[in-house]
Amino acid sequence: MPDSASRVVDLDLRLVGYFVAVAEHRHFGRAAAELRVAQPSLSRQIRRLEQQMGVRLFDRTPQSTRLTDAGEVFLPRAKALLRSAVQATAQARDAAQPGRIVIGYTTSLIITPVVRALRREHPDAAVETLHLDWNEPRDALLDHRVDAVVTPLPFSTDQLHVTILYDEPRVLVVAVDHRLAGRRAVTVDDIADEPIPKFRHCAPAWNDFWRIDPRPDGRGAPDGPLLDTLEDGLELIASGQAVAVTTGFYERLRPDITTIPLEGVEVSHVVVASRAGDRSRLVAAFRELATAHLTAPGRA
């Protein structure tokens with residue numbers, strides 16, 4: 001008699017994806033809208049998954065949808081299943097298309113010189129680029145949406161191969177009529193009470209680095225507005241409701257904000273990152289060319 005660990009479980013990954021959507025929304029209607037399926041159909045698919053597994057995953061009432069204990073246990077494993085499926089598919093495609101590379105980059109970083117150099121050196125390769133939001137690089141690499149990415153730290157480098165390309169000083173971004181505008185430089189003490197935005201949906205290390213939290217004297221940074229997008233942050237800064245710590249590119253985005261050098265803080269590291277253990281010749285070539293071609297703005 002085979003034990004339970006050796007039995008084959010027939011799980012439909014599409015149904016697992018439906019389960020994750022409902023679990024994250026805690027609402028069948030919102031999940032159905034995101035998935036672009038009819039709500040009655042989604043309910044039937046979830047019941048079908050529950051029948052396959054032999055457990056109830058949700059407690060449903062007219063007012064709410066809650067995960068059962070079994071659903072709570074299954075949710076992180078369901079997400080891992082979906083990610084593994086994406087990675088397995090991507091790795092198989094990579095093996096079938098060894099002459100293809102997708103290079104990611106985040107806002108303000110110009111990768112054109114190294115992309116052109118890679119295309120010159122590997123004319124038969126398919127070299128593609130993909131813009132990523134500031135909080136996407138690590139997930140985009142591990143999900144195989146990109147094979148290499150140029151982006152600032154900080155983010156978790158576990159499972160990644162990271163090479164620092166150059167450093168950029170951090171600056172303070174303020175409205176052009178802010179009390180500090182026009183200063184030759186400022187320190188953390190000058191902004192001790194200034195609210196600095198905090199982004200939702202990003203690693204705590206990112207917010208801590210760009211908010212300088214904690215401060216050198218051990219105090220926490222003042223609370224600031226919660227944001228979802230860079231554009232929302234720029235609007236708050238331009239209207240005088242907040243300041244931000246970043247690199248100099250912000251000033252090029254709007255005429256109603258300005259930057260001031262921020263002294264006494266760690267610089268920002270711009271890196272090229274790829275998946276640890278990736279043996280792709282194109283990734284190796286891109287890393288080498290990036291080291292040669294990508295330097296700090298204004299530097300030869």
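Colleague: In which loop does H144 lie?

Modeller: This is a predicted model, in which local features need pLDDT of at least 70, side-chain atom pairs count only at pLDDT 80 or more, and totals for chains, interfaces and linings use all residues. Residues are numbered from 1 along each chain as its sequence is written, and side-chain values use heavy atoms, with hydrogens and water left out. Helices (H or I, at least four residues) and strands (E, at least two) are DSSP runs numbered from the N terminus. Phi of H144 is near 65 degrees, a positive value in a residue other than glycine, and H144 lies in the loop between α6 (137-142) and β5.

Colleague: Which residue does a cis peptide bond join to P154?

Modeller: P154 is found in the loop between β5 (148-152) and β6 (160-168). With omega at about 15 degrees, the cis bond joins P154 to L153.

Colleague: What is omega for the cis peptide bond that joins D213 and P214?

Modeller: P214 has its place in the loop between α7 (204-211) and β9 (226-227). For the cis bond between D213 and P214, omega is about 5 degrees.

Colleague: At what angle do helix α1 and helix α2 pack?

Modeller: Axes are lines fitted to C-alpha atoms, for helices over the stretch in contact, and angles run from 0 to 180 degrees between N-to-C directions. The axes of α1 (residues 13-25) and α2 (residues 28-35) are 8 Å apart, and the angle is about 130 degrees.

Colleague: Which term describes α1 relative to α2?

Modeller: Angles under 35 degrees count as roughly parallel, over 145 as roughly antiparallel, 65 to 115 as roughly perpendicular and the rest as oblique. The packing angle is about 130 degrees, which makes α1 oblique to α2.

Colleague: Which residues in α2 do those of α1 meet?

Modeller: Contact here means heavy atoms within 4.5 Å. From α1, the residues Y18, A21, V22 and H25 take part, and they meet F28, R30, A31, E34 and L35 in α2.

Colleague: Which side chain meets that of R48 in a salt bridge?

Modeller: A salt bridge is a side-chain nitrogen of Lys or Arg within 4 Å of a carboxyl oxygen of Asp or Glu, and by this rule the count comes to 20. R48 is in helix α3 (residues 39-53), and its partner is 36 residues apart from it, in the segment before α1. At 3.9 Å, N to O, the side chain that meets R48 is that of D12.
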